[in-house]
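Subject: Structure handover

Hello,

Here is the structure you will be working with. Please open it next to this email and follow along.

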Amino acid sequence: MIAIPGTVLCAGNLTEDILVWPVEEVKFGTTSWVEDITTSTGGNGANTAYAMARLGGRVRLAGSVGQDAAGEWILELLGRVGVDLRVERCELPTPITVAIVRRDGARAFLHRPGASRRAFAGGLPFTPDTIAGCTHFHLANPFSMPEMRVCAAGTLERARAAGLTTSLDTGWDSLGEWLGVIGPCLAHVDVLFANQEEAAELSGEADPGRAADFFLGRGVGACVIKLGPAGCAVFEGSERLDVPGFTVEAVDTTGAGDCFVGAFLAALQAGKPAAEAARVANAAGALNVQRAGATTGLLDLAGTLEWMRSRQGLRST
């Protein structure tokens with residue numbers, strides 16, 4: 001697994017999330033009472049960067065928000081945890097997502113892209129100022145940004161040319177283009193993150209091992225398949241590492257995958273081997289799903305490690 005001795009440059013979307021919990025069904029023409037409506041930061045880029053910083057990582061975030069109060073609020077919260085912000089303000093409104101969450105943590109999203117439509121037009125320029133102190137580039141869900149769909153592969157290739165190692169978290173493609181976007185990226189990715197459903201859509205393989213073989217055979221250096229409550233599987237060369245998750249009661253699974261990736265990268269940055277990085281990432285995901293909000297349940301690295309010690313021997317079911 002790659003080492004990350006310097007800052008991570010993360011590119012991705014930033015959104016304002018409105019979470020409604022719990023909702024078992026929506027009936028038009030009626031009013032339903034719920035227990036909580038929460039506003040939080042969201043977006044794959046923002047969540048990943050927040051998780052990295054919360055766990056002590058050094059991260060610089062590039063993206064786009066609107067020139068509105070929501071954008072200002074998101075940037076203030078990210079800055080508060082130590083994210084180095086290189087976020088553009090554009091004339092479109094800050095992206096917003098309404099997450100309708102069931103009591104078991106499952107959710108459905110309604111999303112307005114807003115400023116994400118302007119993010120990374122022509123790709124991210126890897127200027128000396130942009131990459132100063134960075135040794136790694138992470139691309140968080142290119143599907144969420146229309147312009148990045150077109151230039152994701154070129155962006156990763158330029159990151160490599162600038163001397164950075166790379167990672168990519170695929171995300172879910174609501175437009176169904178899948179491998180048309182991700183396929184050209186694979187030869188430029190050192191670590192690929194995908195959940196089991198995303199990996200199956202991209203590779204045509206439901207089995208994580210066969211899906212990983214598909215990605216590794218197309219140039220990916222290492223592949224991390226997120227398996228939800230079951231944990232994750234890490235594939236590198238001919239080796240497979242299965243790392244079980246933690247048994248918790250899920251309240252809201254929004255952002256869990258992003259928190260997993262952010263924690264994994266922060267652990268690598270802290271010098272942890274892949275097996276330990278995977279355990280920390282599983283713990284971050286498990287902690288986060290116990291509270292409503294995309295990053296609300298996260299602890300710092302010391303708190304996460306202590307929580308892991310308190311759960312030693314407990315495995316996910």
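Strands β6 (residues 96-101) and β7 (residues 107-112) pair in the antiparallel sense, over six bridges. Strands here are DSSP E runs of at least two residues and helices are H or I runs of at least four, both numbered from the N terminus. Two strands count as paired if DSSP finds at least two bridges between them. This is a predicted model: local features need pLDDT of at least 70, side-chain atom pairs count only at pLDDT 80 or more, and totals for chains, interfaces and linings use all residues. Residues are numbered from 1 along each chain as its sequence is written, and side-chain values use heavy atoms, with hydrogens and water left out.

Back to β6. Ala 99 stands opposite Phe 109 in β7. Five residues lie between the two strands of this hairpin, and Gly 105 takes a positive phi near 100 degrees there. β6 also pairs with strand β2 (residues 15-21), in the parallel sense over five bridges. Asp 17 has Thr 97 of β6 as its bridge partner.

Which residues of β6 are on the covered face? They are Thr 97, Ala 99 and Val 101. Ile 96, Val 98 and Ile 100 are on the uncovered face. In a regular strand, side chains alternate between the two faces of the sheet.

Next, the cores. A nonpolar core is a set of buried Ala, Val, Leu, Ile, Met, Phe, Trp, Tyr and Cys residues joined through side-chain atoms within 4.5 Å. Buried means under 20% relative accessible area, exposed means over 50%, and partly exposed is in between (1.4 Å probe, protein chains only). The largest core has 49 residues. Val 224, Phe 260 and Phe 264 are among those with the most contacts inside it. Helix α8 (residues 256-269) gives the most to this core: nine residues. Apart from it lies another core, of 42 residues, including Met 148 and Cys 223.

Now the cysteines. A disulfide is a covalent bond between the sulfur atoms of two cysteines. The rule used here is a pair of cysteine sulfur atoms within 2.5 Å. How many disulfides does this rule give? The count is zero. For Cys 90, the nearest cysteine sulfur is that of Cys 151, 16 Å away. Cys 90 is buried, with a relative accessible area of 8%. For Cys 223, the nearest is that of Cys 232, 11 Å away. Cys 223 is buried too, at 0%.

Last, a loop. Gly 271 is found between α8 and α9 (274-288). Gly 271 is exposed, with a relative accessible area of 60%.

Best wishes
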